[in-house]
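This report describes selected features of a structure.

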Amino acid sequence: MFQPVKPSQWLVIAAAILVMAAVPLVTRNSYLLHVLILTMIFGIFASAWNLVAGFGGMKTFGHHAFFGIGAYVSALLSIKAGWSPWLTIWFGALAATGAGLFIGLPILRIKSMSHVAIVTLGFAEIVRIVISNLQTITRGELGLWGIRPFEGFTLPFFGEITFSPADKVPYYYLILLLLIGSTAVIMLLMRSRTGLSIIAMRDAEDAAESLGVNLTRQKLLVFAVSAFLVGIAGAFYAHYISILTPTAAVGIDLMILVIAMALVGGLSTFSGPLVGALLLTGTVELLRDLDQYRLLVYGAMIILIVMFLPKGLTTLGPVLRKRFASR
Amino acid sequence: MTFSLLIEQIINGLIIGSMYALIGSGLALVYGTMRVLNLAHGEFYMLGGYFVFFLAVTYGVPSYLAIPVAIVATFILGMLIQRLTIHYLMGKEGWQFSTIAATLGLSIFLQNAALLMFGEQFESVPYYLNGVIEIGSIRLPLQRLLIFVVAIVTIGAMTFILKKTRLGWAIRATAQDRDAAAVVGIPAERIYLITFGLAGALGAIAAAMLAPIYAINPWSGLPILLKGFVVVILGGLGSFPGAIAGGLLLGVVEAIGVQLTSSEWRDVIGFAMMIGVIWWRPWGLFGKKPT
């Protein structure tokens, strides 16, 4: 099932990183950079969800809880305790991991996909309502504002780096690094013993267990890593956007968007969620004027993809080739 | 909390809980028969509510006519949705997930279609019955009593259909073993179609009864769907009697819980109970442990 990465694939990966890294050198258009930053935040989110739902076969519908926890914990620590965001984003991610373990443990014992979907969705709703109700701390739907930006620093050759709303380039490179890091973590994890056991479990749970794979521990590890990565994405989002509301940071729309991205791109592939994130974020921005049709289009897209292209756009090539070859 | 307040909260809880039971039983019926988790179930409720609103308020049809028409319309809509989407996914590779994902897509699609067509304002329907009855110190609006009566009648009718009619036998046979049922000539496809229609009708009945109390808007399906989820987890996913018991239990626990805390914690109480049940008895409070 898992072949080593071919040289041609390394070439594609290197080219993709180079192109992404070169964008701010070509244009400093802050709108374009903003769209790409959002794309990369969603890219991490969708890849991490794919790790659990695609590779792991655990179809959770509550990952937006981890995004929100990462965002709020990091933002609150930076505001109330006055810590640097460089530190608090890791605490945000750890808090998300803790929540992931808390909800991961009961659902791992359940084999029914529907139970998993319901419980994770319910858990995320609890998180959203709690954040929204604890108004003295989070300000609820009024929005938590005044979140500190990342501190600037000096780099040799580049000079002073400052994170401010006016200049999106530092944010761009930071999220690019986080995206590369998360993708690397996911790829390494999937190529390790854990990854192989996860695939074995998804495809034949009983057989894998009888061969001595410790199901619970491996699944929990994957769940925790996924929650951690989503938490980091959320924490970055908090310090980038600098205002949080429960609807925007823990709303179910977020999860729907991410599921649509992973499905459109292709579940259980490394590139699928990233391609999906780029396509969907891009489409949204192109259709800015048609904003009221955005979710309608997403809904229709999910239905159509599931019905006609269940493995996503990354498999469009082979599907077409087969169709034409058979003629 | 005084004793009479407690009694009043229990009664209110049972009334709202009877509606949760209708929602949950629609989910349970579809899951029990088809093993499909229908994330678009809340949209049956939402659209059913709009049908009642347009007939009863916009066109002024008397409510005793408007409600049955709305229920039949939602029944047909449910069948249509099943035939156009779920039908093609059943039995295919990965159908368990693809049906969940497709109904998620449907849910968003229908919500936003409703938003574009009907607008985002909150609509409501006048009370069907006015007046209050008083028993001792407890006051009970007739409207709420009506809700409870309709729920009892609906549950009774559904139980009758499932237990005593050929259609019900066919549904239960398909639920138990689709292939064995097919051998004795039960067309599973048609049963699935009718099951989805019935689930839609159950949603529409709940919507019609709650429309005078809760406003109708394009997003009113989601909170109801989440309630339904809690109900089916409490009662054991796929169990029709479990959903009834789960609905009543949720209604009462919520009513008392809200009295002890405050109304914005209502949903947290239900979800926390659900997660507790998943830890303790994943097969539901009233079900038997699967062997």
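Leaving aside its neighbours within four places in sequence, with which residues is Thr120(A) in contact? The model considered here is predicted. In it, Thr120(A) touches Thr60(A), Phe61(A), Gly62(A) and Ile107(A), once the neighbours within four places in sequence are set aside. Thr120(A) belongs to helix 5 of chain A, which covers residues 113–133. The relative accessible area of Thr120(A) is 3%, and the residue therefore counts as buried, the limit being under 20%. Its side chain also reaches the backbone oxygen of Val116(A), at a distance of 2.7 Å.

**Chain A as a whole**

The secondary structure of chain A consists of 15 helices and four strands. Along the principal axes, the C-alpha atoms of this chain fill a box of roughly 55 × 45 × 45 Å. The radius of gyration of chain A is 20 Å; a compact globule of 327 residues would have a value near 20 Å, so the two agree. Of the 327 residues in chain A, 53% are buried. Among the contacts in chain A with a separation of 6 or more, 76% join residues 24 or more positions apart.

The accessible surface of chain A amounts to about 14,700 Å², and carbon and sulfur atoms contribute 69% of that area. As to charge, chain A carries 22 positive and 13 negative side chains. The centres of these two sets lie 9 Å apart.

Most residues other than glycine have a negative phi. Against that background, Arg139(A) has a positive phi of about 65 degrees although it is not a glycine. Arg35(B), likewise not a glycine, has a positive phi of about 60 degrees.

In chain A, Arg139(A) sits in the loop that joins helix 6 (135–138) to strand 1 (144–145). In chain B, Arg35(B) occupies the loop between helix 1 (3–34) and helix 2 (41–58). Arg139(A) is partly exposed, because its relative accessibility of 32% falls between the limits of 20% and 50%. Arg35(B), with a relative accessible area of 40%, is also partly exposed.

| Residue | Relative accessible area | Class |
|---|---|---|
| Thr120(A) | 3% | buried |
| Arg139(A) | 32% | partly exposed |
| Arg35(B) | 40% | partly exposed |
| Thr99(B) | 0% | buried |

**Helix 4 of chain B**

Helix 4 of chain B spans residues 95–118 and includes Phe118(B). Thr99(B) is found in helix 4 as well.

Thr99(B) is buried, with a relative accessibility of 0%. The side chain of Thr99(B) reaches the backbone oxygen of Gln96(B) at 3.2 Å. Apart from neighbours within four places in sequence, the contacts of Thr99(B) are with Val36(B), Ile86(B), Leu89(B) and Met90(B).

Beyond its neighbours within four places in sequence, Phe118(B) is in contact with Leu47(B), Tyr50(B), Phe54(B) and Glu123(B).

Note on methods
Residues are numbered from 1 along each chain as its sequence is written. Chains are lettered from A and ligands numbered from 1 in the order in which they are written. This is a predicted model: local features need pLDDT of at least 70, side-chain atom pairs count only at pLDDT 80 or more; totals for chains, interfaces and linings use all residues. Side-chain values use heavy atoms; hydrogens and water are left out. Helices (H or I, at least four residues) and strands (E, at least two) are DSSP runs, numbered from the N terminus. The radius of gyration is taken over C-alpha atoms; the globule rule is 2.2 Å times the number of residues to the power 0.38. Buried means under 20% relative accessible area, exposed over 50%, partly exposed in between (1.4 Å probe, protein chains only). Contact means heavy atoms within 4.5 Å. Accessible areas come from the Shrake-Rupley method with a 1.4 Å probe; for residues, only the protein chains shown count as cover. Lys and Arg count as positive and Asp and Glu as negative; His and the chain ends are not counted. The place of a charge is taken as NZ of Lys, CZ of Arg, CG of Asp or CD of Glu. A polar contact is a pair of N or O atoms within 3.5 Å; within protein, one must be able to donate a hydrogen and the other to accept it, and residues adjacent in sequence count only if both atoms are side-chain atoms.
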